Amino acid sequence: KLPPKKTPLQAEIASNPPLGYELDEASHLVFQSAKAEVEASRAVGLFDDWVDNGTPGGMASAFTQLSEALNRHYPAVVVPHFVWGYGRALWDARARTYGQHALRVMVLGPAGCGKTMQAERLSEHFGVPLINVGDLLFNEVKNKTALGLQAKEYMDSTQTVPDEYFIRALAARLAAPDCTAHGWLLDGFPHTRPQADALAALGIVPDKVVLLHAPHAMLLDRTRHRRIDPASGRTYHAPPRGAAGAAAASPPLLPMRPDGRPDEAAEKRLVPRHDDSEANVRARLKLWDDHARHLRAAYEDVTLRLDSDGGLDEPFGAAVEFLTLEARMPDVEVVASSGLCDVSYEIIDTMRWVAGHEEGKGEGGR
């Protein structure tokens, strides 16, 4: 029978045993002394801050508390977004949870506006999980889960799958540890105001929304030449070469190798998207037009509208600036729209006071 394994504390004491004490007794005395020292360190005024690494949330929580304490004393060294990330917790103390740096973003827009490309770049830039709700439900069907089997009945009968199946699949994904810790980036969802309201009812609310738009003619051109690489799932813009593709509204965006040369093997794999027929795209654009203003109304407080009729870099740069705005303007107070009425009254009262003050000065001068 093997002897019981020593704890690190016992091993340290055993390497230099105190005279006159058994090992267990010595370990107990050392532990009690350390415990008393820790309790004494909690005395008010002894330390500027006190961080307990045994709190719920583990070391991630303790590290955030330590970062928060350092920010209070050395704000130029430990900046607020290092403590809370770029999400709502940066400007709203009610949204803070130690150990989490969640950034919750939606990228919305009509078919062909470049949502997925921008969402992929933003996800990589901020280290936030990228989520496509359609892919979530497809995986449920593929894995034959209870939710997937129910949704498959609608698909097999060519009926529209009800919103609740997408919402349930999404809610389950957003409850995963990577999303609770780091946030999420939704690629093109919600599509309608009822979907947005259903998400809000579950507490699924974005910190920021990037809303892309472009003329229909350009969107139709892009979807006409849009191609997918089945091996990687990446999307490209591949108008035909020569005179046939010269009239394309957007320049080609083709697969490239890591060394910067064209990836001819990937280019040969490119195929049209299954839902990019012109009739289908026109129907989707009409659906977007019908619902766009309702989505803007749902997220008007936190939305940035961007033109996407040019290249990829300009809207990406603008989106990054928008998502990091509060970190770059730390002294500006963020006011929710629910409080704007009170602010407007304060502004009006101030203007009235200034007007009255100036009028009084004028009378005194006469």
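How do E2 and strand E3 (residues 183-187) pair, in the parallel or the antiparallel sense, and over how many bridges? E2 and E3 pair in the parallel sense, over two bridges, where two strands are said to pair if DSSP finds at least two bridges between them.

## Basis of the description

This is a predicted model, in which local features need pLDDT of at least 70 and side-chain atom pairs count only at pLDDT 80 or more, while totals for chains, interfaces and linings use all residues. Residues are numbered from 1 along each chain as its sequence is written, and side-chain values use heavy atoms, with hydrogens and water left out.

## Overall make-up

The chain has 16 helices and eight strands; helices (H or I, at least four residues) and strands (E, at least two) are DSSP runs, numbered from the N terminus. Of its 366 residues, 33% count as buried, a word that stands for under 20% relative accessible area, with exposed meaning over 50% and partly exposed what lies in between (1.4 Å probe, protein chains only).

The chain exposes about 22,800 Å², of which carbon and sulfur atoms supply 56%; accessible areas come from the Shrake-Rupley method with a 1.4 Å probe, and for residues only the protein chains shown count as cover. Among contacts between residues at least 6 apart in sequence, 61% join residues at least 24 apart, a contact being heavy atoms within 4.5 Å.

## The five-stranded sheet

An open sheet of five strands has the order E2-E3-E1-E4-E8, with parallel pairing. Its edge strands are E2 (130-131) and E8 (303-307), each of which pairs on one side only. E1 and E3 run parallel and are joined by five bridges, with Arg104 opposite Trp184 in E3.

E3 is mostly covered, since five of its five residues are buried. Gly183, Leu185 and Asp187 point one way from the strand, whereas Trp184 and Leu186 point the other way.

## Nonpolar cores

A nonpolar core is here a set of buried Ala, Val, Leu, Ile, Met, Phe, Trp, Tyr and Cys residues joined through side-chain atoms within 4.5 Å. The largest such core has 29 residues, and those with the most contacts inside it are Met106, Leu108, Ile131, Leu170, Trp184, Leu199 and Tyr299. The elements that give two or more residues to this core include strand E1 (103-108), helix H6 (133-142), helix H8 (163-174), E3 and helix H13 (278-298), and H8 gives the most, with five residues.

Ile131 touches Leu136, Leu170, Arg173, Leu174, Cys179, Trp184, Leu185, Leu186 and Asp187, not counting residues up to four places away in sequence. Apart from this core lies another, of 23 residues, among them Val107, Ala111, Phe126 and Ala214.

## The three-stranded sheet and Ile228

An open sheet of three strands has the order E6-E5-E7, with antiparallel pairing. Strand E6 (235-237) and strand E7 (271-272) stand at the edges with a single partner strand each, so one side of each is left without a neighbour in the sheet. E5 and E7 pair in the antiparallel sense over two bridges.

Ile228 lies in strand E5 (residues 226-228), and its bridge partner in E7 is Val271. Ile228 counts as buried because its relative accessibility is 16%. Leaving aside neighbours within four places in sequence, Ile228 is in contact with Gly233, Arg234, Thr235, Arg269, Leu270, Val271 and Arg273. The C-alpha atoms of Ile228 and Arg273, which are 45 residues apart along the chain, are separated by 6.2 Å.

## Helix H3

The 16 residues of helix H3 (residues 58-73) should span 22 Å at 1.5 Å a residue, and the end C-alpha atoms are 23 Å apart, which agrees; the expected span is 1.5 Å times one less than the number of residues. In H3, Ser61, Ala62, Thr64, Gln65, Ser67, Glu68, Ala69 and Asn71 are buried, and the buried residues of this helix pack against helix H4 (80-84).

## Cysteines

With a disulfide taken as a pair of cysteine sulfur atoms within 2.5 Å, the count comes to zero disulfides. Cys113 is buried, with a relative accessible area of 3%, and Cys179 is buried, with a relative accessible area of 1%.
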